[in-house]
Amino acid sequence: MFRRQTTRASQAARITPRIAASLLVAALVTSCVGSTATGEGGSGDSNQSVTLRFSMWSNNEAHVAMLEGFAREFRKTHPNVSVEFVPVISSDYLQKISTALAGGRPFDAGWLGEGDVSQFVAAGVLADLAPTLSRTKGYELNDFIGKSMQSWRRGDKIYGVPFSTSPFLVYYNKDLFAQAGVATPEELTARGEWTWENFRAIARTIREKAGPSVYGFQGHDGALYDNVTSFWNTVVPAIRAYGGSIWDPSTGSCDLADQATVDAIDLFRQMVAVDKSMVPPGEQADFFAGQVGMTINQLSRTSLLEEATFEWGIAPLPSGPAGPTSFYGQAGVVVFNASPHPDIAAEFVAFMTNRQNVETMAEFFPPARQSVLDSPAFRSSNAAVGEAGMELVADQVRQGESFPFPANFADVNLALKPELDKLWSADADVAAILRQGCEAVESLLTTS
Amino acid sequence: MTIAYQRAVTGRRAGRSLSLRRREELTGYLFISPQVLGFLVIVLGPIVAVVVYSLQNRTLLAPEATFAGLENYRHMVESDPYFRRMLLTTAIFCAGLVPINVGLGLCTALLLSSNRRGDAVFQAIFFLPVVTSAVAWAVVWRYAFQGELGPINQFLAVLGVTGPNWLQEPTWALVVVTVTRALKTVGLKMVIFIAAIQGIPKEPLEAARLDGANSWHVFRHIMLPFLAPATFLVVVITMIGSMQVFDHILLMTAGGPSNATMVLPYYIFHQAFRAFDTGYASALAVVLCVLTLGLTTLQWAVRRRVVPDEQ
């Protein structure tokens, strides 16, 4: 019988595979266990501790603090519920919430832009909040201005509650206006002369007087030529002022080739190609850098002017042949169907959009509740804009209306964009281009 | 050595345990298993998943999906109005990018492979775009190619030439996007070619010069054949890379104007993350992968004729 002779090498050869194997198994086990998902705790029983995950696209400390305040208040009536707010960079927001949905670990509730509601409703991923809202005491759904719920209702169902109803306004550079010697929008409004024609004349004068690196007007976010949403945000104010319309997704009819709409869009074409007063495609001159006389944007952009090197003001949208107009863009709060606690999430949404909390939010986000718009607190809530400015904002919210978003906005945009790109030359036939645009999208227009 | 003797030496009883050879094999497998596991989970798994998704009606907004067979592929070929145009645009983009990129890489390599004083400095300069962020690269070029205030048109104006609105005219936009992307990785190809050039044996070059060959003949008949393997490699990886360009297009033109620069990777992104149709996007991705694979295989087949036998 030979004695066991184990050399060091064979010892190592015996042990090492075992060590490696056990390390591997340990790694596999820990990776499979992974992180436990929060918000999993059964089906929303009031006895179990629940954490709602709420997505938002702002990491502004004041916004987060305000929302966390709501969560603390909510806990007083729902002691087992805590809310975790997850800020996501706005450019990644849709991707984040959609991949969370696809991955089976959705957020419970969150912010959603009104442009995306149709797609999400069509996919069946948003929960109907109507039952919860109607049984929440003191909620007063009728306090929301009728048209402000347009993007969020489908018949009797309510898929979201708008927390920000932000009108599009004209921002103007007071220094450039003074330099060009043109009347300000306030003066023109007082005289009843704040029209699109005068708007165009002012833009032309500013451009002529201030030189080749300054323009009279810049489209929404400077992205009018790149981004179809910015295109609409810029031209819809004029379309409405001219009495035109765009399309009706519920009937599938496209009105782009109507004369009023053609005239309104042709106004911008002339500003770009003939007057050369509007920032043309490819140029990066920016209002917020002081290089442009006027632009159209929402109230939230005042944050870009905190360190402005020039005097600025806001004005209502110019009026046209069909009178004055208002146009706003909304963001709302929604609940995802796939959430493990849709009922509790809906209750939290009802809580954070009740009258008192909407009044708190009005410091940052224009409200859609009539009672809050009418309150003195709202008028004095933005020092940079001033009371007169906030009264203007309130007025615009009361009278305004959203864009008619179709269910498959992405596909519609893809089909429409190549046609819109042809609009900006001196000899473009706007009516023909818009007719082709209608042909391209008519079969795609649906509502969810 | 007999198996019996082996067993005697290691003291293990017959039939009970692994032989030394087997143990060594197992050790080897265990050591490479983390890498293989990573490959399976992170590379192969998603590829298989994409193929499976391409056969489904799947949306990014829900984890469930229904089987759809070849529906996505049928839609692509029969009823997608953009697909053919996008294939053509992608083909033009690649056909433009590869010669520019490889050609410039070779030229700069030829100029900088002699180890003269200052060569290293220029090599570093040409390599800088490679390490520059692709985002920064695209954003700065986009600024430069502005219609009126852009530096390029301002420079042309000094020469008396009115430059077009580069990124707003369909043809020019595609040209600009192709050339600016081609310039970015020239440095990397240059480095590969320099290594290959410096590996060419001196004797044939000297012999050719002694025989009276001029520079062009030396290059064409002596250097190029030696460079053929490196050239082949560079062309293949450049082609594969050019069919995956997405960030550059997104940042410079977003597929416009009038979809003139809409290449297949960008369309895949649009379908997946804007239209939320991940089933269709997966089908497009499979088609892109098959095309790339096909072109690569074609080049491998051609290699026999083009690349001389290596020693």
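Here are some notes for a first look at this structure, which is a predicted model.

1. Strand 1 of chain A covers residues 50–56 and strand 2 of chain A covers residues 81–87; the two pair in the parallel sense, over 7 bridges. If you want one pair to click on, take A:Arg53, whose bridge partner in strand 2 of chain A is A:Glu84. Between the two strands the chain passes through helix 2 of chain A (residues 61–77), and this β-α-β crossover is right-handed.

2. Now for chain B as a whole. It splits into domain 1, residues 2–53, and domain 2, residues 76–306. How far apart do the C-alpha centres of domain 1 of chain B and domain 2 of chain B lie? The answer is 42 Å.

3. On to the nonpolar cores. The largest one has 97 residues, and A:Trp232 and A:Met294 are the ones with the most contacts inside it. Leaving aside residues up to four places away in sequence, A:Met294 touches a list of residues that includes A:Tyr171, A:Tyr172, A:Phe177, A:Trp194, A:Phe199, A:Phe217 and A:Phe287. The list also includes A:Val170, A:Ile202, A:Ala203, A:Gly216 and A:Gln218. There is a second, separate core of 84 residues, and among its members are A:Phe288, A:Trp312, A:Ala345 and A:Phe365.

4. Have a look at helix 16 of chain A, residues 409–420. This helix is mostly covered, with 11 of its 12 residues buried. The buried ones include A:Phe409, A:Val412, A:Leu414, A:Leu416 and A:Leu420, but also A:Asn413, A:Lys417 and A:Glu419. What covers them? From chain A, the cover includes helix 4 (114–122), helix 9 (228–241), strand 8 (247–248) and helix 17 (430–441).

5. Next, the charged pairs: over all chains, a search of the whole structure finds 20 salt bridges. One to look at joins the side chains of A:Glu193 and A:Arg191, at 3.2 Å from N to O. Are these two buried or partly exposed? A:Glu193 counts as partly exposed because its relative accessibility is 35%, and A:Arg191 counts as partly exposed because its value is 49%.

6. In chain B, B:Arg74 and B:Glu71 meet in a salt bridge through their side chains, at 3.5 Å from N to O. Both sit in helix 3 of chain B (residues 71–79), 3 residues apart, which is about one turn of the helix. With 43% relative accessibility, B:Arg74 is partly exposed; B:Glu71, at 37%, is partly exposed as well.

7. Another chain B salt bridge links B:Asp247 with B:Arg181, where the closest N and O atoms are 3.7 Å apart. B:Asp247 belongs to helix 12 of chain B (residues 247–252) and B:Arg181 to helix 8 of chain B (residues 170–184), so this pair ties together parts that are 66 residues apart in sequence. B:Asp247 is partly exposed, with a relative accessible area of 28%. B:Arg181, at 18%, is buried because the cut-off for buried is under 20%.

8. Last, a network in chain A. Salt bridges that share partners bring A:Asp374, A:Arg379, A:Glu391, A:Asp395 and A:Arg398 together into one network.

Terms used
Residues are numbered from 1 along each chain as its sequence is written. Chains are lettered from A and ligands numbered from 1 in the order in which they are written. This is a predicted model: local features need pLDDT of at least 70, side-chain atom pairs count only at pLDDT 80 or more; totals for chains, interfaces and linings use all residues. Side-chain values use heavy atoms; hydrogens and water are left out. Two strands pair if DSSP finds at least two bridges between them. Helices (H or I, at least four residues) and strands (E, at least two) are DSSP runs, numbered from the N terminus. A crossover is right-handed if, with the strands pointing away from the viewer, the path from the first strand over the helix to the second runs clockwise. Domain bounds come from an automatic or database domain assignment. A nonpolar core is a set of buried Ala, Val, Leu, Ile, Met, Phe, Trp, Tyr and Cys residues joined through side-chain atoms within 4.5 Å. Buried means under 20% relative accessible area, exposed over 50%, partly exposed in between (1.4 Å probe, protein chains only). Contact means heavy atoms within 4.5 Å. A salt bridge is a side-chain nitrogen of Lys or Arg within 4 Å of a carboxyl oxygen of Asp or Glu.
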